Amino acid sequence: MSEQTKQWTANLIPSQSGRRVVITGANSGIGFETALELARKGAEIILPARSLAKANDAINRIRKEIPSASLVPAVLDLASQASVREFASWFSAQYPGPSIDLLINNAGVMAIPKRELTVDGFERQFATNFLGPFALTALLYPHMRQQQGNRIVIVSSSITKFAKIDFANLQSEHRYSPMAQAYAQSKLADSLFALELHRRMAKAGSPVIVTSAHPGYAITNLQTSGPGTGLSPFQIVAAILKPFASQDAAHGALPTLFAAVAPQAASGDYYGPDGFSELKGYPKLVPIPSAAQDPKDAERLWREAETLTGITFRP
Ligand SMILES: NC(=O)c1ccc[n+]([C@@H]2O[C@H](COP(=O)([O-])OP(=O)(O)OC[C@H]3O[C@@H](n4cnc5c(N)ncnc54)[C@H](OP(=O)(O)O)[C@@H]3O)[C@@H](O)[C@H]2O)c1
């Protein structure tokens with residue numbers, strides 16, 4: 001990474017004028033800040049949220065700062081394969097052909113206290129954080145404009161350092177622990193997916209690159225939307241770290257923004273904050289945990305995802 005990127009901020013985002021971006025989870029937290037900064041630089045943003053009301057609320061908040069922003073609301077529930085397909089069909093009808101410059105898979109949910117199943121019968125974190133984004137990426141991939149500078153970004157988590165993928169327990173059907181196992185496994189799946197997508201697209205000769213990022217510890221709705229306001233061991237640790245090792249959502253969005261637009265970012269790269277234990281700070285290239293680098297696990301996970309979603313993805 002060049003000297004120039006040492007204290008990279010959103011001010012350094014190049015013009016996004018003429019670029020169309022799809023960001024999931026942009027009505028809240030890191031996704032909202034990502035959308036705000038890309039809109040500020042002139043991108044047209046498709047902003048699918050779980051309801052039209054949530055998407056429009058985010059659009060109104062962005063327009064308060066950037067009245068001329070080009071923002072399109074849509075509905076997408078990543079925990080429902082039917083909803084992912086519906087959104088993709090809507091998108092294809094609205095924007096046929098190669099029409100996306102940047103796809104940011106940001107939406108996620110964390111540490112749901114008790115194992116929950118989605119309408120499709122999948123464990124909710126695995127479904128929302130991985131299977132939904134896998135299906136969405138597969139269905140939108142034909143719309144990626146195959147040109148240099150265009151990207152797919154996958155938002156992972158630093159918890160992947162401690163995560164394991166257990167193919168006998170992908171849906172946490174045999175053992176469920178909200179954070180250390182189910183959430184961690186779903187985010188490791190994201191990292192495995194990012195690298196496998198990078199390898200497959202590079203092999204196919206695509207000029208589109210794949211990057212991933214994690215925000216460190218950013219104060220957003222994530223800490224309460226899944227786990228609620230109770231006091232689990234994870235919530236106690238989070239409360240202890242909060243005063244000195246956390247950052248706001250705007251700073252948490254910087255690694256994602258860097259991964260999405262910085263000219264220095266290369267396919268397969270992973271970005272996170274540069275501070276203590278990658279919890280806060282400016283974006284920097286960070287090591288990819290070894291569990292995410294296993295190509296055999298990545299291929300196997302890809303096949304599992306194709307089987308579970310019923311979508312064949314051949315970039
Ligand atoms: N904050 C951190 O410290 C941290 C650390 C590591 C990784 N991350 C990752 O960063 C990403 C963004 O999280 P955040 O911190 O910004 O949390 P957030 O404020 O809770 O935002 C999460 C977004 O995901 C959306 N979402 C949740 N379930 C969804 C579903 N089934 N379908 C579609 N959208 C759904 C949420 O929509 P609703 O508003 O409808 O719930 C919200 O827009 C996540 O992938 C998370 O795993 C965050």
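Helices here are DSSP runs of H or I with at least four residues, numbered from the N terminus. The structure is a predicted model, in which local features need pLDDT of at least 70 and side-chain atom pairs count only at pLDDT 80 or more, while totals for chains, interfaces and linings use all residues. Residues are numbered from 1 along each chain as its sequence is written, and side-chain values use heavy atoms, with hydrogens and water left out.

Helix α1 covers residues 29–40 and reaches 17 Å from its first C-alpha to its last, close to the 16 Å expected, where the expected span is 1.5 Å times one less than the number of residues. Because 11 of its 12 residues are buried, α1 is largely enclosed by the rest of the structure; buried means under 20% relative accessible area, computed with a 1.4 Å probe on protein chains only. Among these buried residues are Phe-32, Leu-36 and Glu-37. Just after α1, Gly-42 takes a positive phi of about 100°.

A polar side-chain atom of Ser-28 lies 2.6 Å from an oxygen atom of the ligand, whereas a polar backbone atom of Leu-78 is 2.8 Å from a ligand nitrogen atom. The protein covers 94% of the 890 Å² of accessible area that the ligand has on its own, by the Shrake-Rupley method with a 1.4 Å probe.

Methods:
Helices (H or I, at least four residues) and strands (E, at least two) are DSSP runs, numbered from the N terminus. Buried means under 20% relative accessible area, exposed over 50%, partly exposed in between (1.4 Å probe, protein chains only). A polar contact is a pair of N or O atoms within 3.5 Å; within protein, one must be able to donate a hydrogen and the other to accept it, and residues adjacent in sequence count only if both atoms are side-chain atoms.
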